[in-house]
Amino acid sequence: MTSIPVIVSLAIVLAMVTEALVEYASTVVSLFLAGDKKKAIKQAGAIIVSVALCLSMNLNVFTALGVSFSFPIIGVVLTGIFASRGANYFSDFIKRLTTVRQPADKE
């Protein structure tokens with residue numbers, strides 16, 4: 001049986017992932033709608049390249065943090081999407097995930 005702290009920390013991770021994905025998608029769509037197609041294509045290209053690299057290396061930061069998905073490829077694709085945002089964003093995101101996961105890991 002999964003403990004309450006583990007469930008709560010996973011729910012927080014899910015909320016953070018959802019927020020990040022919605023924000024990123026909103027940014028790309030807003031760029032297209034504003035007519036800044038060049039920047040929107042650049043952002044979409046960064047996502048494609050980053051996801052392809054993560055797939056080729058089977059890089060899944062969620063597994064490393066103890067978060068698993070029913071379909072492991074989801075973690076790899078999400079890792080690629082977050083990595084495409086850049087080093088600062090990715091580093092901050094990992095710090096937030098690590099902070100959330102620490103209480104559950106101490107059990």
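Contact here means that heavy atoms lie within 4.5 Å, and in that sense Thr-79, leaving aside its neighbours within four places in sequence, is in contact with Cys-54, Leu-59, Asn-60, Val-61, Phe-62 and Phe-90. The structure is a predicted model, and its chain holds five helices and zero strands, following the pattern α-α-α-α-α when read along the sequence.

**The chain as a whole**

- The C-alpha trace of the chain spans about 50 × 30 × 25 Å along its principal axes, and buried residues make up 30% of the 107 residues.
- Among contacts between residues at least 6 apart in sequence, 61% join residues at least 24 apart.
- The chain exposes about 6,900 Å², of which carbon and sulfur atoms supply 67%.

**Helix H1**

- Helix H1, which runs over residues 4–33, has 30 residues and reaches 43 Å from its first C-alpha to its last, close to the 44 Å expected at 1.5 Å a residue.
- Gly-35 follows H1 and has a positive phi, near 90 degrees.

**Helix H2**

- Helix H2, covering residues 37–57, has 21 residues and reaches 30 Å from its first C-alpha to its last, close to the 30 Å expected at 1.5 Å a residue.
- The buried residues of H2 are Ala-40, Ser-50, Val-51 and Cys-54; they cover an arc of only 100 degrees around the axis, which puts them on the same side of H2.
- These buried residues of H2 pack against H1 and H4, whereas Lys-38, Ile-41, Lys-42, Ile-48, Val-49, Ser-56 and Met-57 are exposed on the other side of H2.

**The largest nonpolar core**

- The largest nonpolar core has 14 residues, and those with the most contacts inside it are Val-13, Val-17, Phe-62, Phe-82, Phe-93 and Leu-97.
- Two or more residues of this core come from each of helix H1 (4–33), helix H3 (61–64), helix H4 (73–84) and helix H5 (87–105).
- In soluble globular proteins, nonpolar side chains tend to be buried together.
- Phe-62, one of the core residues with the most contacts, touches Val-17, Val-67, Phe-69, Gly-75, Leu-78, Thr-79, Phe-82, Phe-93 and Leu-97, not counting residues up to four places away in sequence.

- Asn-58 lies in the loop between H2 and H3, just after H2, and has a positive phi of about 50 degrees although it is not a glycine.
- Most residues other than glycine have a negative phi.
- Asn-58 counts as exposed, because its relative accessibility of 60% is over the 50% cut-off.
- Asn-60 lies in the loop between H2 and H3 and is buried, because its relative accessible area of 13% is under the 20% cut-off.
- The side chain of Asn-60 makes a polar contact with the side chain of Thr-63 at 3.0 Å.
- Leaving aside neighbours within four places in sequence, Asn-60 is in contact with Pro-72, Gly-75, Val-76 and Thr-79.

- Gly-75 is found in helix H4 and counts as buried, at 0% relative accessibility.
- Not counting residues up to four places away in sequence, Gly-75 touches Leu-59, Asn-60, Phe-62 and Phe-69.
- Gly-75 and Lys-42 are 33 residues apart in sequence and, from C-alpha to C-alpha, 23 Å apart in space.
- Thr-79 is likewise found in helix H4 and is buried, with a relative accessible area of 1%.
- The side chain of Thr-79 reaches the backbone oxygen of Gly-75 at 2.7 Å.
- The contacts of Thr-79 include Asn-60 and Phe-62, and Gly-75 also touches Asn-60 and Phe-62.

Note on methods: Residues numbered from 1 in each chain as written. Predicted model: local features only at pLDDT ≥ 70, side-chain atom pairs only at ≥ 80, totals over all residues. Heavy atoms only, no water. Core = buried A, V, L, I, M, F, W, Y, C linked by side-chain atoms within 4.5 Å. Buried < 20%, exposed > 50% of the residue type's maximum accessible area, 1.4 Å probe, protein only. Helix = DSSP H or I, 4+ residues; strand = E, 2+ residues; numbered from the N terminus. Expected span 1.5 Å × (residues − 1). Polar contact = N/O pair within 3.5 Å; in protein donor to acceptor, adjacent residues only side chain to side chain. Areas by Shrake-Rupley, 256 points an atom, 1.4 Å probe, with all protein chains shown as cover. Arc of directions from axis to C-beta.
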